[in-house]
Amino acid sequence: MFLSLYRIIKFSLQDIIRNTWLSVVTVIIMVLALFTVNMLLVVKVIGQTAVEAVKEKIDVSLYLDSNASEQQIMVLKSKIVNLPEVSEVKYISKDEALSEFQMRYEDKPIIAETLKELGKNPLTPMLIIKPRNLDVFNNLINKIKNFDDAIIESKNFANYEEMISKINNITTKVGEAALALALIFVLVTFLVVYNSVRVAIYTHRREIKIMKLVGASNAFIEAPFIFSGVVYAAIGIILIMLLFYPFLNLLQPYLETFFVSYNVNLINEFFGQNVYKIYGAQFAAAVFINVVASFFAVSKYTKG
Amino acid sequence: MIKFENVSKVYNKGSLVLNKIDLHIKPGEFVSIVGQSGTGKTTLIKTLIGEERFDEGRVTVGGWDITNISQREIPFLRRQIGVIFQDFKLLNKKTLFENVAFAMEVCGESHDKIKKIVPHVMKIVGLEAKMNSFPQEVSGGEQQRVAIARALVHRPKILLADEPTGNLDTLNTYEIIDLLLRINRFGTTVALVTHNREVVNRLKRRVITLENGMIISDQEEGKYIL
């Protein structure tokens, strides 16, 4: 058994080394296919981060009565902060609201003049409530609606509900489209790799027939080709890791500029704790495709 | 050693390539099977190694009835018969040594046995100095000698040669034929398929002549009669 295994490995490595250009081309196709898959993963990570960034921006502004006392407001705030759906509550006083308003519109003198005409601060204090995530938003709105607190000026959240519904729709559709696109790319990648392996074995068809004439069994002929498939997959994975790491290093600064204040670290994502999962799965998939393709391609020439 | 009993074969388009062939080749014989192209000579050889199935009759090789041989058994049949071909059929990415050794490796022979026997067989065919060359680095005659070495290395009782000199010049042709005669002297049954008149007439051995898939002549010290 060990002798057979030794011969399988020997024949496989001999074939890979002595058919240099064919091996190089097969590995290049493998690496390109893996690059596509890895780019899909990058797009998925970036897409997910973008969606999370949008969702994080969603908060509820609860406008309070201008005459509400600080104590009343703090009591309400602590009630809301203790809700399980809430991640954070920020209190903006009337004066802070006015300052922010003036800063926002400092390049619009007509706004400043209008405020001067009014003679008093028209803005009300508010609580800015951040939900834990978008999924609990509706629950949160319903609970706030049920608060029996006289200092809450308005309990009309219809705009929010409509906006959340739209955002959820869009993110769901984007997710579905991304999944469909990913599946198409994966299928194309599968077909490209499968056929490149079949073409490589097609070039060996004469040798396969000769081996049969000399008395080799089908298993003796097929095994080295299947082992070669594993070797190509391993070389492909090593190369893609060597290529992708510097690529991500190049991409990272641009992402950090785009996603200011969000932690999107692709290097950590791909080469940190997930490295075995990501590249292990890719290696397993590449081995599977290569082995299946090799088996069916060689079987075609060992039949009969 | 080889027995054809009433063997017929029809190809798909209704063409009768072997027509009720009755033939017995005894152990140790040297037989030439001659005929023009398309008379069924190669089909006869292919039948003996299980590459072609026949439609009627029975074939026995070394006592083994191969009439209904299964796909799984064919490699074992081929390991017992040495075959050489017109186009040599060497593995181009293996050295001459590795080509010959391959025939032993498929039988599961040990590394030590291969290291001992292959150089010895390469010496018999006169190629011990070129064991590490590749087929494309040697001449046609040398390639055919490697093919003979590969065919002999597991000591088959039967050696089938299908037009082995078809791609060779006259000098190499006679060298190969002399090698086959030497092999036959050691007790191996040799069946030589050829359409080379001079070779057949020079051999003065049994000649079986095929025409239209039938045996039209079978002479002990025969000549090329077509």
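Two strands are taken to pair if DSSP finds at least two bridges between them. By this criterion, in the predicted model described here, strand β9 (residues 206–211) of chain B and β10(B) pair in the antiparallel sense over 5 bridges. Within this pairing, B:Val207 has B:Gln219 in β10(B) as its bridge partner.

These two strands belong to an open sheet of 6 strands in chain B, arranged in the order β6-β7-β8-β3-β9-β10, in which the pairing is mixed. The edges are formed by β6 (81–85) and β10 (214–219) of chain B, each of which pairs on one side only. Direction ignored, neighbouring strands of this sheet are turned by 15° against each other on average. Helix α1 (residues 41–48) of chain B packs on the sheet, where it touches β3 (30–34), β6, β7 (158–162), β8 (189–194) and β9 of chain B, and the direction of α1(B) makes about 145° with that of β7(B).

Together β4(B) and β5(B) form a hairpin with 2 residues between them, and B:Gly62 in the turn has a positive phi of about 55°.

Among the helices of chain B, α4 (residues 111–124) has 14 residues and reaches 20 Å from its first C-alpha to its last, which is close to the 20 Å expected at 1.5 Å a residue. The buried residues of α4(B) are B:Ile114, B:Val118, B:Val121 and B:Met122. Seen down the axis of α4(B), these buried residues fall within an arc of 100°, so they line one face of the helix. On the other side of α4(B), by contrast, B:Asp112, B:Lys113, B:Lys115, B:Lys116 and B:His120 are exposed. The cover over the buried residues of α4(B) includes α3 (96–105) and α5 (140–152) of chain B. Just after α4(B), B:Gly126 takes a positive phi of about 80°.

The contact between the chains takes 12 residues from chain B and 12 residues from chain A. On the side of chain B that touches chain A, α2 (74–80) and α3 of chain B each supply at least two residues. The residues on this side of chain B divide into 6 nonpolar, no polar and 6 charged.

In chain A, the surroundings of one helical residue were examined. A:Val298 lies in helix α11 (residues 275–302) of chain A, and A:Val298 counts as buried because it has 23 C-beta neighbours inside 10 Å, the cut-off for a buried residue being 20 or more. Leaving aside neighbours within four places in sequence, A:Val298 is in contact with A:Ile201, A:Ile208, A:Ile221, A:Glu222 and A:Phe225. The C-alpha atoms of A:Val298 and A:Asn218, which are 80 residues apart along the chain, are separated by 8.8 Å.

Terms used
Residues are numbered from 1 along each chain as its sequence is written. Chains are lettered from A and ligands numbered from 1 in the order in which they are written. This is a predicted model: local features need pLDDT of at least 70, side-chain atom pairs count only at pLDDT 80 or more; totals for chains, interfaces and linings use all residues. Helices (H or I, at least four residues) and strands (E, at least two) are DSSP runs, numbered from the N terminus. The expected span of a helix is 1.5 Å times one less than its number of residues. A residue is buried if 20 or more other C-beta atoms lie within 10 Å of its own, exposed if 12 or fewer, and partly exposed in between; C-beta atoms are placed from the backbone. The arc is that of the directions from the helix axis to the C-beta atoms. Two residues are in contact if their C-beta atoms, placed from the backbone, lie within 7 Å. Axes are lines fitted to C-alpha atoms, for helices over the stretch in contact, and angles run from 0 to 180 degrees between N-to-C directions. Ala, Val, Leu, Ile, Met, Phe, Trp, Tyr, Cys and Pro count as nonpolar, Asp, Glu, Lys and Arg as charged, and the others, Gly among them, as polar.
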